[in-house]
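Take a look at the protein below. Keep it in view as you read.

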Amino acid sequence: MNIDFFRYLPLEIIIEIVSRLPIRTIVTCKSVCKTWRNLIQTRAFVDSHLSKSSSGVVTCRISRYFKIFEFVDELDLDHHNRHYIPVTEFCCNKFMESSQLEGSANGLLFLRSIINRNNLYICNPITREYIQLPYAGIFNSFSVLVTYGFGVCKMTGRYKVVRVLQECIRHPDTVDVVRIMKCVCHVHTIGTGIWRSIAPCAMLEHDCFSTAINGSLHWLVTDLQKGFKLISCFDLETEIFSTFSPPPLMGRSENRTEFLLVALGGYLCVCDNTCEHEIVIWLMKEYGDEKSWTRGFVVRKSPEFLRGNFELPNFVCPIKVFKNGDMLMAWFELYMVHYSLKTKAATRIDVFGPYEDDNDNFINVTAMLHNSSFLSLKSCFPMENVKLL
């Protein structure tokens, strides 16, 4: 195609065309000429692409090797591996030895150092940029529980990181948390350079990971005094905490890993792993309506993935439901598996491997939904603070 064809097109039309291309093709377009590179870096293009981009997944192996994949959600694919297109990959060793994947929002990843838990980072794998967030204070005490959340405001589009600190009392023998004594909450709005104290949440034990949906962050929490579970919600716009009830029959549980909070297909969901042979996924059909919890999916646990010779918790985390009803799931941070609605069987997905090292030891693999974006961190932070992978 003659380049003059694009020269005389309105800018809005060019953005509309280019933003619909696959991510790797757009990255190649940045190298065509300076004009195209500058166009792809504009906020108009970034917003247009993000509104059309298909979802994908980010995986992290051995707490340092990250891979980004784009989903292909078509009904006539002849093999489940064709659902996943590699986009890019990177290693975090340049700025920290090992990391915990804490969250993803509109193309940005929120990472926490495992070695020094006070070191927090925001990274965009597509633009190859990262930045360390301002120091938020030390909390390395064994008596302090900490959990994070990362998301984007629904109205203003501002990115925020939330940190919840809870001073607790542990059982002397089991070290289980028996009481929450104090709760402190901080919020960092990306680009401001400061952490702010806000009104704390209720004295409830928070789960380790948050789920972002509908402009809010959510955690499964436990009322240690009454012994039942709730869902804690943090509105990123108003910065106010609230709670609502989980699905029926899951109020009490001795094992906190039996239930997982996830987002599937735009719904807030609870994954119930209490049954030995199947997984029940509950959907909140009307967000915020406690009466709208519905059994959305029932997944049979394949025998080949049930513990075997390993004493491992028997649970999965659903990540994506495809148009044909098949499902992408993470199995105890060991495998990525594809569940077939037709055969009722789960199969390990090779493109996310390997899952064992040279000595046949399992490799830790974590994953979460991720929408790739061309948003430059230089538009959110001072340019001198942004570094390249």
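## Ground rules

This is a predicted model: local features need pLDDT of at least 70, side-chain atom pairs count only at pLDDT 80 or more, and totals for chains, interfaces and linings use all residues. Residues are numbered from 1 along each chain as its sequence is written, and side-chain values use heavy atoms, leaving out hydrogens and water.

## Overall fold

The protein chain has five helices and 26 strands. Both are DSSP runs, numbered from the N terminus: helices (H or I) have at least four residues, strands (E) at least two.

Of the 389 residues, 50% are buried. Buried means under 20% relative accessible area, exposed means over 50%, and partly exposed is in between (1.4 Å probe, protein chains only).

## Cysteines

How many disulfides does a search of the whole structure find? It finds zero. A disulfide here is a pair of cysteine sulfur atoms within 2.5 Å.

Cysteine 91 has its closest cysteine sulfur in cysteine 92, at 5.4 Å, too far for a bond. Cysteine 91 is partly exposed, at 28% relative accessibility. For cysteine 183, the closest cysteine sulfur is in cysteine 201, at 3.4 Å, which is also too far for a bond. Cysteine 183 is buried, with a relative accessible area of 8%.

## Around methionine 181

Methionine 181 lies in strand S10, residues 177-189. Methionine 181 is partly exposed, with a relative accessible area of 40%.
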